[in-house]
Amino acid sequence: MNITEQNITIEKVKQSKISQIDFNNLSFGSVFTDHMLVCDYKNGAWETPKVVPYQPITLDPSSKIFHYGQSIFEGMKAYKDKEDATWLFRPLENQKRLNISAKRMSIPEIPEDYFMEGLKTLLKVDEKWIPKNEGSSLYIRPFVFASGLGFHASPADEYKFIIACAPSGAYFSGKVKVLIEEKYSRSANGGVGFAKTGGNYAGQFYPTQLAVEKGYNQVIWTDDNAHEYIEEAGAMNIFIRINDTLITGPTSDRILDGITRKSILEIAKDEGIKAEVRKITVAEVVAAAKDGSLKEMFGAGTAAVISPIAGFGFRDVDYDLPEMEDSIAERLKKRITDIQYNRAEDTFGWRYKV
Ligand code: PLP
Ligand code: COI
């Protein structure tokens, strides 16, 4: 069946809770809009998506999500411009990546029309929830999990695809301090690191907690083999500026293929900023920090946008990064957010009007 906005049913809340929200003091992902999109997979097919009031979900204790972690998610944002129009940023990239994750986790793929028509319908119903304040946006969380039953360790026969939204401010407050990790690994060759699946995040919580206790915000993961190469951070890809060259590691089956990362690479090319996609060793970064050629490090992701890194820790030594007047991170952040909020021309064709 083809899904259009016409065949998605909408059940509205009796009383909106929007007046309880302080849009001037939004944290990240902690208050939720009035509605959500729900779509069930039963008898081998996705049913018609519905918009319903945001509400708890009742699940049988044997639902496979609880036992085998069969779940995937995406992270996107909706932005308001000065004329009150609503925009998404490269939404089809998220739809495609959700299905890359789905395939790896043996979850049935979500057709493009279910995803896009469902998302647009939800955003129209909850349009008033899209923040207009500078630096805020509506964080969108599409996710799919195994609701089918049984303790047998095999893929479920029923799933739920839900889109929930949270008006949100910045993911990090201020600059980020990171710890380069050598003991624990986030992912491995042939594993699920490239998929946005719950376990990749749960597995990071303990090592990240140890890093937080030492005063860092995030861990920078290194390869699981020899812990020699910089891979990515817990919730963002990593860029390193040595002198005037921007470097980011190649994506692989261990690393999430970030949409912000690939957009930055295209913007850098357009701006004439020298950018290299290559393996980068921890030793190279430490040597560059020592000789002063390490100018900037930043994380890139939907939630994190472009988050400058103030310094990193490695083997019990802290390395601070200099304050840069000609910050490439700032320049790229302005360029990408100007496109996202429709403040500048989008020569790449990335903006998507809702
Ligand atoms: N790496 C990880 C592990 C992430 O969770 C994210 C966030 O989605 C990213 C990188 C950045 O990806 P994107 O720019 O597509 O949001
Ligand atoms: C995102 O940036 O959208 C993510 O999914 C990261 C998440 C861990 C907050």
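Which pocket does the space taken by ligand 2 form? In this predicted model, the space taken by ligand 2 is the largest pocket. The space taken by ligand 1 is likewise the largest pocket.

The side chain of Tyr139 places an N or O atom 2.5 Å from an oxygen atom of ligand 2. The side chain of Lys196 also takes part, with an N or O atom 2.7 Å from an oxygen atom of ligand 2. Ala303 uses its backbone instead: an N or O atom there lies 2.8 Å from an oxygen atom of the ligand. On its own, ligand 2 has 280 Å² of accessible area, and the protein covers 90% of it.

Ligand 1 is surrounded by 17 residues. The closest are Lys196, Tyr201, Glu232, Thr260 and Thr302. The shell around ligand 1 holds seven nonpolar, six polar and four charged residues. Which elements each supply at least two residues of this shell? They are the strand β12 (230-233), the helix α5 (259-271) and the strand β16 (294-301).

Polar contacts to ligand 1 come from both side chains and backbone. In Thr260, a polar side-chain atom lies 2.5 Å from an oxygen atom of ligand 1. In Thr302, an N or O atom of the side chain is 2.6 Å from an oxygen atom of the ligand. In Ile259, a backbone N or O atom lies 2.8 Å from an oxygen atom of ligand 1. Taken alone, ligand 1 exposes 380 Å², of which the protein buries 96%.

Aromatic rings were also examined. The count comes to 17 aromatic pairs. One of them joins Phe32 and Tyr54, whose ring centres are 5.4 Å apart. Why is this pair stacked? The planes of the two rings meet at 0°, and planes under 30 degrees apart count as stacked, so the pair falls in that class.

Note on methods
Residues numbered from 1 in each chain as written. Chains lettered and ligands numbered in written order. Predicted model: local features only at pLDDT ≥ 70, side-chain atom pairs only at ≥ 80, totals over all residues. Heavy atoms only, no water. Near = heavy atom within 4 Å. Polar contact = N/O pair within 3.5 Å; in protein donor to acceptor, adjacent residues only side chain to side chain. Areas by Shrake-Rupley, 256 points an atom, 1.4 Å probe, with all protein chains shown as cover. 1 Å grid on protein atoms, 1.4 Å probe; cavity = no way out; pocket = protein on both sides within 12 Å on 5 of 7 lines; lining within 4 Å. Sits in = over half its atoms within 2 Å of the grid points. Helix = DSSP H or I, 4+ residues; strand = E, 2+ residues; numbered from the N terminus. Nonpolar A, V, L, I, M, F, W, Y, C, P; charged D, E, K, R; others polar. Phe/Tyr/Trp six-rings, centres within 6.5 Å; stacked < 30°, edge-to-face > 60°.
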